[in-house]
Amino acid sequence: METGVELEVFPDQHDFEVAENLSGLEALLKYCRSPEPARRLPFIKAIPREALCAEVDSLTGEVLPLVQELCEDSSEDIRMSAAGILEPLGQSIHGRQPAGHPAALGTVVDCSFNLMRDSSMDVREYALAATTGLAGLLDADRQEKLFGPAVEGCLASDDVSDRISGVRLLGRLCEQGIYLGTEELVVQWLVRSVEDESSEVRQGVGEMLPMVAVSLKQQTTFSECMTCFVQLTEDKVWTVRKACAQSFPKLMNVLSSLSCSLETTKNILACHHKLCVDKSNWVKMAAVMSLGPVIVQLDPSLLEPDLLKFYSSLPSLRFGAVDTTVVLSCACHLPGVVVGAGKENWPYLRDLYMKLLESPDERVRYTLACSAHEIANILPDDVVMEDVVPGVKKMMTDKSSHVRAGMAKYLAPLLERLPSECHQDFLENLHGLIAVPTLKNGDVEDGNGKDDNTEKIINTEKIRVCHDTRDWRVRKIVVEQVARLATIVAPQLTLDYVLPCAFKLCSDSVAFVRMAAADQLAKVISLSEEFERHSTTIDDTCERKTPPKELGWSDREWDCVRQAVCSKMEDLGRSERFVDRCLCGVVTAALAQLGTNALENMGIGELITTLQNDSVLDVRLAFREVPQLYYPEKKSIKD
């Protein structure tokens, strides 16, 4: 099949053969008119690419008439596909010389206008997006000449659907800064739509009014726009009031960006408060769910205690079947509200935080777990220790694995923020986050890194273990932070809690967890090497502004770390389980990738040479990545 047209999705060759020796344009003209709509779609999508290289006469005489024909097709799928190509087609024409062929571009715009009045709502949606995109390709004069009358025509139509499309088009064009005429004309359209007899039209105005407001620079026109919004918040139809409630965050953003007067902002806030106590539960729910984003954008002088108290009382309000949605919204917005309110207003938000911690909905507790470090960064140390830390400890042992995963994900940033005296308390609760499954005969590998007749360097008994084999993702999240935790907590805590965590998870039943644990052990060793070189980088995701030596570690403590990891590697390398021997190779290979030569003086070169010639293929493959420079005396690896 020889054809010059490039198709994104080519039809089934067994059922549909493309004629040979057709140019790209000829193939489009023939197959876009196929009687079977499904076979026409790939060629319709190829029209913008062909328009970019077609001759001017072919473009205006053949391609554009084809597009107009497709826009009037009886099949909804074809019209929808045609609407989807209008914007890229306009971009192709706009990029041509000379001057982007304005007449051809105007034809494409007319097609989008026609489809905006289509009987199908899906086609209208595609056409609205295309029209908005095409507007940006024109200069200001042509924007006013083409799009101003288009908006006027839609708003003056007797068809409610046309007026709704006109309102939405007005909002999108104003948001993009498209020039439609004077601000007085725009406000006239707005006032006419606010007084429309159809509640659907008024609802559309409530949704898009902030988009129009951002384009109004004159004080008089902006005031009229705000008057229209206040009128809509008092509409007798609840769907209109709900649309206004949902658009409040965008409107507050406009007010703050335009530096409006405090009096204007107070009037808008008063309208929002009315909606928060509306007789309709749906309106009330929409208003209270937007209260958090509204508070975030308020001027500090407008943050009155009564407003924060009302926000804190939201979980106690009743909205019927949607109570949990409101509570979840409070949890999602709480960090932003704390930032906006400032640490001095925390007493008004404390009760809300405590209520959310007790929520039976695990989504709420998960949200709090993921944002605990953000709240801790805002509040002073004494408040963090009194209010935040108890909740964090509770979430670390939550019955839901999702909540524990959220807590584990940000454990390192949280410990970095907390005072050092409470680090041990948190690390002792690692047992609430990790779950190490049994290996055989109900026993868990000791992982102490030493034989019985040798002094223990790491006390693994301080890491209590639960036997839950399901939450492997939580364990993986925890162990992936081992190297970073080593740079945050005191040296002795690293030896007592952080490294034992990695040692335990080296024997996890899930391969992903074992591999992550081995990788972190390698990074810890690399960190100890960087102590000597005063490097500033731990790994690709954890950078420090100071060398590791300034973290308070001594030579002896780094030696203990290296010796402990080395002992663990010996345990893994001499294990009867081949998966453990593979892990020893993972640590060695990871060290090679990190560019450290820490293993050269650890005294386990003979063991590694033995493992490179192990009887199990997987073990030999694990050591294949270890470069020759580590152990010049080792034998070659078996194939």
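Start by selecting Arg40: at 8% relative accessibility, this residue counts as buried (buried means under 20% relative accessible area, exposed over 50%, partly exposed in between, with a 1.4 Å probe and protein chains only). You're looking at a predicted model, where local features need pLDDT of at least 70, side-chain atom pairs count only at pLDDT 80 or more, and totals for chains, interfaces and linings use all residues. Residues are numbered from 1 along each chain as its sequence is written, and side-chain values use heavy atoms, leaving out hydrogens and water.

Asp73 sits in the loop between helix H4 (56-71) and helix H5 (76-94), and Arg40 in helix H2 (residues 37-45), so the pair ties together parts 33 residues apart in sequence. Helices here are DSSP runs of H or I, at least four residues, numbered from the N terminus. Asp73 is buried too, at 16%.

Next, pick Asp278 and Arg241. This salt bridge has its closest N and O atoms 2.9 Å apart. Asp278 lies in the loop between helix H15 (262-276) and helix H16 (281-289), while Arg241 belongs to helix H13 (residues 238-246).

Last, show Glu125, Arg168 and Arg172: salt bridges that share partners join them into one network. How many salt bridges does the whole structure hold? A search finds 23.

Technical notes: Salt bridge = Lys/Arg side-chain N within 4 Å of Asp/Glu carboxyl O. Helix = DSSP H or I, 4+ residues; strand = E, 2+ residues; numbered from the N terminus.
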